[in-house]
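Work through the exercises below with the model open. Try each task before you read its solution.

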Amino acid sequence: MQKTMSRWAKFMVLCLIASLVGACGLPRSGPGKKEIYSGSVLQEGDAFVVAVNDRVTRATSVTPVLGFTSAFLNAGEVGSDTIRPGDALALTVWENVDDGLLADQGQSATVLEEVQVDGSGFIFVPYAGRIKASGNTPERLRQIITEKLDAQTPDPQVLVTRVAGDGATVSVMGGVTQQGVYPIARPTRTLSAMLAQAGGITVPTEIAQITVSRGSSSSKIWFDDLHADKRLDIALRGGDRILVEEDTRAFSVLGATGTQNRVRFETQTLSAIEALAQVGGLNSNLADPTGVFVFRNEPEPVARAVLGRTDIIGDQRFVYVLDLTEPNGMFEARDFAIRDDDTLYVTEAPFVSWQKTLSAITGTLTPLANYSTLAN
């Protein structure tokens, strides 16, 4: 009997020492569940701690919506034959006399290469003067030049060829095969055709974003949406700037997971279960599947919807709780959306803290061996 009491006394001493060591603060990956809950507004903290359910999932399912403004969508295709300021023209003039106005001695044709259309839309042609070119087609400009020269040389024949100039080009930058400045020609009047002209994109299509800047306006779309919705294949304008880049959204992961890092999104939408899978899942030796937390600042409309309250003012701190051991826990984690700048944190299992405490007291023996040694 005395020996049994002695064993129990030793065990109680062990428990007391364990609690004291635990109170001193053992190494760990972050706060425990009790410490997180203590930060709730219900306990005079500054965060709302909310268990995830179907209603919460619906209220927080806010994903970035990208799209072109009406100004981009409603712009019609620019005719590739319309001359604009900044374009370059090639003029050829044939004269029916041996000693013409423009041609050299013994020549019947005169070639004027790369006649620049100035910022006001005019060009200068010898003996024809300053002529308005912008807004006209090459055919109409040919007629105008012919009329101007006809009074000075008999029956002139004029050919006008429009080549791409500064006013009819688009800059394509970022994640494409060949960055550069490309002319708006007949085959490349639209966004998808211009991207194809640049060799296609080089970033993963699932997270590729395309920004088109026109003057002081810019709009952005997902690359996948460009092919899913024909309306997004907008007509281009001279001077447009096209930028292809990867999605910059990311979330942080901490605690008992396969890695602790800041992780980029790999898809347009990302659920909690996909985020865990992306970082290697829960650490089976450390993780508490009942303690999966998502830390986030919610805007006022979402905070009101989650809490069902109208007295919420301004952005609020939220801690969402996922319990993967519940019957529908995995489904909730599959449906709960992770957002940009979220922090995903998994607590350690209580057994891990106990094991660390015993190791701190008795060295590197296993907990069962420790208990057996002390009990004897």
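**Exercise 1: a strand residue**

Val-346 sits in strand β16, residues 343-348. Strands (E, at least two residues) and helices (H or I, at least four) are DSSP runs, numbered from the N terminus. The model is predicted: local features need pLDDT of at least 70, side-chain atom pairs count only at pLDDT 80 or more, and totals for chains, interfaces and linings use all residues. Residues are numbered from 1 along each chain as its sequence is written, and side-chain values use heavy atoms, with hydrogens and water left out.

Task: decide whether Val-346 is buried or exposed, then list what Val-346 touches.

Solution.
- Step 1. Take the cut-offs: buried is under 20% relative accessible area, exposed is over 50%, and partly exposed is in between (1.4 Å probe, protein chains only).
- Step 2. Val-346 has a relative accessible area of 0%, so Val-346 is buried.
- Step 3. Look for contacts, meaning heavy atoms within 4.5 Å. Residues up to four places away in sequence are not counted; Val-346 then touches Leu-254, Gly-255, Ala-256, Thr-257, Leu-276, Leu-282, Ala-287, Asp-288, Gly-291 and Val-292.
- Step 4. Check one pair by C-alpha atoms. Val-346 and Val-292 are 54 residues apart along the chain, yet these atoms are separated by 4.6 Å.

**Exercise 2: a buried glutamate**

Task: find which side chain makes a polar contact with the side chain of Glu-298.

Solution.
- Step 1. Locate Glu-298 in strand β14, residues 287-298.
- Step 2. Its relative accessible area is 0%, so Glu-298 is buried.
- Step 3. Apply the rule for a polar contact: a pair of N or O atoms within 3.5 Å; within protein, one must be able to donate a hydrogen and the other to accept it, and residues adjacent in sequence count only if both atoms are side-chain atoms.
- Step 4. The partner is Arg-339, at 2.4 Å.
- Step 5. Leave aside neighbours within four places in sequence. Contacts of Glu-298 then include Thr-60, Asp-315, Tyr-320 and Arg-339.

**Exercise 3: the cavity**

Task: state how many cavities of 30 Å³ or more there are, and which residues line the largest cavity.

Solution.
- Step 1. Set the rule. On a 1 Å grid over the protein atoms alone, a cavity is a set of points where a 1.4 Å probe fits but cannot get out; lining residues have an atom within 4 Å of a point. Points are joined across faces, edges and corners, and a volume is the space filled by probe spheres set on them.
- Step 2. The count is 1, and the volume of the largest cavity is about 30 Å³.
- Step 3. Its lining is Val-62, Thr-63, Pro-64, Arg-249, Phe-265, Ala-337, Ile-338 and Arg-339. Arg-339 is also the polar partner of Glu-298.

**Exercise 4: loop residues**

Task: say where Tyr-127, Asp-155 and Glu-206 lie.

Solution.
- Step 1. Tyr-127 is in the loop between β4 (122-125) and β5 (129-132). Its phi is near 70°, a positive value in a residue other than glycine. At 45% relative accessibility, Tyr-127 is partly exposed.
- Step 2. Asp-155 is in the loop between α5 (138-150) and β6 (157-163). Its phi is near 45°, again positive in a non-glycine residue.
- Step 3. Glu-206 is in the loop between α6 (191-197) and β9 (208-214). With a relative accessible area of 41%, Glu-206 is partly exposed.

How values were computed: On a 1 Å grid over the protein atoms alone, a cavity is a set of points where a 1.4 Å probe fits but cannot get out, and a pocket is an open set with protein on both sides within 12 Å along at least five of seven lines; lining residues have an atom within 4 Å of a point.
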